[in-house]
Amino acid sequence: LHAIRQWEGVGRFGRILDTREAGVRGRPLIWNGVATLMTPHEPLEYPDGSHDRWNGLRPLIGYGPETLAVVFERFHPPDLARLEGRIDSAWCCYVDRAHNEMFDDWATTGVLGAVAYLGLFAAVFYHGLTWLGLMAGRTRRLVCLGLTLGGVGLSGLVLVVWQGPAFLGLAVPFGMVAGLLAYLVAS
């Protein structure tokens with residue numbers, strides 16, 4: 001893809017998935033840590049010694065806004081500290097953002113909140129396409145839904161196989177946009 005990176009307007013976007021780039025190298029490590037945080041694990045321990053009684057629901061409801069810096073420490077990949085050169089620093093475990101909107105939403109609001117957030121965007125696009133007259137009839141709505149969900153599924157499969165599960169957070173919005181663009185082209 002080197003030739004595409006040279007195109008006017010592409011520039012840095014052509015290197016967005018290149019994990020050899022200094023600014024991108026640590027993000028998959030953070031995304032893997034967030035994915036581990038949001039899958040079943042032993043409950044987190046509070047400073048007073050008690051345990052998170054909502055641990056089983058966390059994948060569904062998340063940990064709340066602005067909490068990633070607090071809950072991520074146990075899941076912080078050691079390679080990230082080495083990559084950032086912070087092995088001896090007290091701030092080596094400080095990650096307050098996932099640097100991915102989907103993973104940020106998942107960590108703070110859970111699957112329910114992330115789906116609601118995506119639903120908001122889907123509703124805006126749906127009403128915009130309806131206003132433009134591109135959603136007339138049940139068949140068109142089903143085709144749009146099928147292409148959008150198919151785009152999410154296909155991009156999820158491709159990115160997870162190609163780069164690993166950490167890239168699922170990129171695959172979902174990319175697949176939605178690709179599916180909607182396919183619908184617009186087909187229309």
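Author: In the nonpolar patch, helix α7 gives the most, with 3 residues; helices are DSSP runs of H or I with at least four residues, numbered from the N terminus. This is a predicted model, where local features need pLDDT of at least 70 and side-chain atom pairs pLDDT 80 or more, while totals for chains, interfaces and linings use all residues. Residues are numbered from 1 along each chain, and side-chain values use heavy atoms, without hydrogens and water.

Reader: Which helices each supply at least two residues of the nonpolar patch?

Author: They are α4 (58–61) and α7 (101–131). Val-115, for one, lies in α7.

Reader: At what angle do the axes of α8 and α9 cross?

Author: Axes are lines fitted to C-alpha atoms over the stretch in contact, with angles from 0 to 180 degrees between N-to-C directions. Those of α8 (residues 138–163) and α9 (residues 168–186) cross at roughly 145 degrees and come within 7 Å. Contact means heavy atoms within 4.5 Å; among the residues making this one are Gly-151 of α8 and Gly-175 of α9.
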